[in-house]
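The report below describes the overall form of one chain and then turns to the contact with its partner. The sequence and the structure come first.

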Amino acid sequence: MKGYRALTTTLLRSLLREPVGFFFAVVFAPVLVSILGLIFDSGPDPNFGGRSFIEATLPAFPSLVLAITGVLLVPVGHLNLRESGALRRLRLTPLRPATFIAADLTVNFLIGMSGMIAALAVGWLVFGVAPPDSLASVLLAAALGLVAFLALGYTLAGIYPSAGAATGIGNTLMLLLMISSGAFIPLTTMPDGVQKVMNFSPVRHFADLMRGLWEGAGWSTLLLPVGVLSAMIVVFGVLATALFRWDRS
Amino acid sequence: MSVVECVEVVRRFGDVTALDGVSFQVAEGEIFGLIGPNGAGKTTLLNCVEGLDRPTSGRISVLGRHPIADRHELTRLTGVQLQSAALPPRITVAEAMRLFSALYDDPVPWPELLTTLGIAGKQRTRVERLSGGERQRVFIALALLHEPKVVFLDELTTALDPQARLAMWEVVEAVRGRGTTVVLTTHYMEEAEHLCDRVGIIDHGRLIALDTVPALIRAHAGDATARLVLTQPAPAELAPELKRIDTVTAAQPDGKYLTVQGTGGFLQDVLTDLTTRNIRIADLRATSPGLEDVFLNLTGRHMRTEVQS
């Protein structure tokens, strides 16, 4: 427990002192809400079913955080620790592997949740989007999605050949996921064919879940997205465990 | 009981044999050095001893335990300084010390350790902003936090300037003074001569000699050595001709460099011979034999240290 606390504190400091990663994990989503809100938010719009731009898209913004964290920040951070030899050094101490993973997950979970909450808070406090009936449900869904994408991130860390490759591939994947989130462009405004392809994006399902809960739907009506995210946790959790490596080779 | 015991350790990477039947024992309280050129297999051997790598065949025991099967137990008993070590980025020296202290049950007070190592003033500095020597000392401090029975130091002084190297030697001697067994690798012969009670010489994955430094020199380099720099490369027939001189025991040309070993007045004989051949000398140094000569005699090659002694 002493080791878990110390490692969590250290990893948190290490990450928060890296301005680019911190920006993308915590600041990017709320800033984007503000910018897009200032540009496009011009009151009720028939394109969005009579809602304003921000009202229609806000629940999807946390998915940006998921995409960035899962395919980019978690694998790149982990690969950096592995390639630098920091993991190898830690392995030569009595630290248990499970303790390391628990601490690393805690840190990324805390940072990811901060980013998502900040994005929602900006929409709510600055642009006056009505808060959901059940804030707890929305936060629980955010946590569910985040855990699913952390598992994905750990799996990718086992697959990406190097931190450099992770940055390149991760950026591309991240953009695809972001577009499919419906945050920039509401999905309903896209052509049918594109919408069909988007059905395969896990981010899209997360956005559906958030939007549904935000608008007051019950969990029982959202079984598809809940199922997709739960399946991600199981599948990527198993894969990540199997692929986990302390060392380069 | 030996602190470290290796029996016929072999490590192959595909077709490459990195370690080829290495056997040795390290006794409690000694400073044991593994020397050899870069790529000789020193780090591979240490990795196997530390449990980071598994030998293809052979047996290793550390404090009577298996490096991999008993890894967790050994992490409390051994201290390791890796050749390429790292920490989570952007943390300070104090944060690193606090983190590693939390991983052990009964660590020594780390501020005192930093004072002993001469980096007490660097607590608030980020580890990556330290100089090479300071960073090396942080990793030594991390290896000593739990008062291990044996420490493994891999290429301890490679990145250091000569002054920092001397300071590091004092640190190693102080560590041994506290009763800790030290196993180190180096490719600096002076370092091994100065520090090590016993030295194992590794070349191409084989342990080709193992003894105290004076015994190695007596057995493999009893003669004095003269290192000459000629004004032009030595002609091919020079070495065989020089060896015909009674007092000369070895002659090894290497371009413009010529290393000659012998007894008695061999140097005068060699100089006379070179004069009659009209070969001119740009520089000459005569030395009593050292580990460098042991290596030369055993392998026919120079160690190629980056720093000339």
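The model is a predicted one, and the values here are to be read as computed from it. Taken along the principal axes, the C-alpha atoms of chain A fill a box of roughly 60 × 35 × 35 Å.

Chain A holds 11 helices and 0 strands, so that its elements, followed from the N terminus on, read α-α-α-α-α-α-α-α-α-α-α. Of its 249 residues, 45% count as buried.

The contact between the two chains draws 22 residues from chain B and 20 residues from chain A. On the side of chain B that touches chain A, the elements giving two or more residues are α2 (71-77) and α3 (93-103) of chain B, and the largest share, 6 residues, comes from α3(B).

| Class on the side of chain B that touches chain A | Number of residues |
|---|---|
| Nonpolar | 14 residues |
| Polar | 3 residues |

The size of an interface is often given as the accessible area lost when the parts come together, whereas the description here rests on residue counts, with 22 residues from chain B and 20 residues from chain A.

How values were computed. Residues numbered from 1 in each chain as written. Chains lettered and ligands numbered in written order. Predicted model: local features only at pLDDT ≥ 70, side-chain atom pairs only at ≥ 80, totals over all residues. Contact = placed C-beta atoms within 7 Å. Helix = DSSP H or I, 4+ residues; strand = E, 2+ residues; numbered from the N terminus. Nonpolar A, V, L, I, M, F, W, Y, C, P; charged D, E, K, R; others polar. Buried ≥ 20, exposed ≤ 12 C-beta atoms within 10 Å, placed from the backbone.
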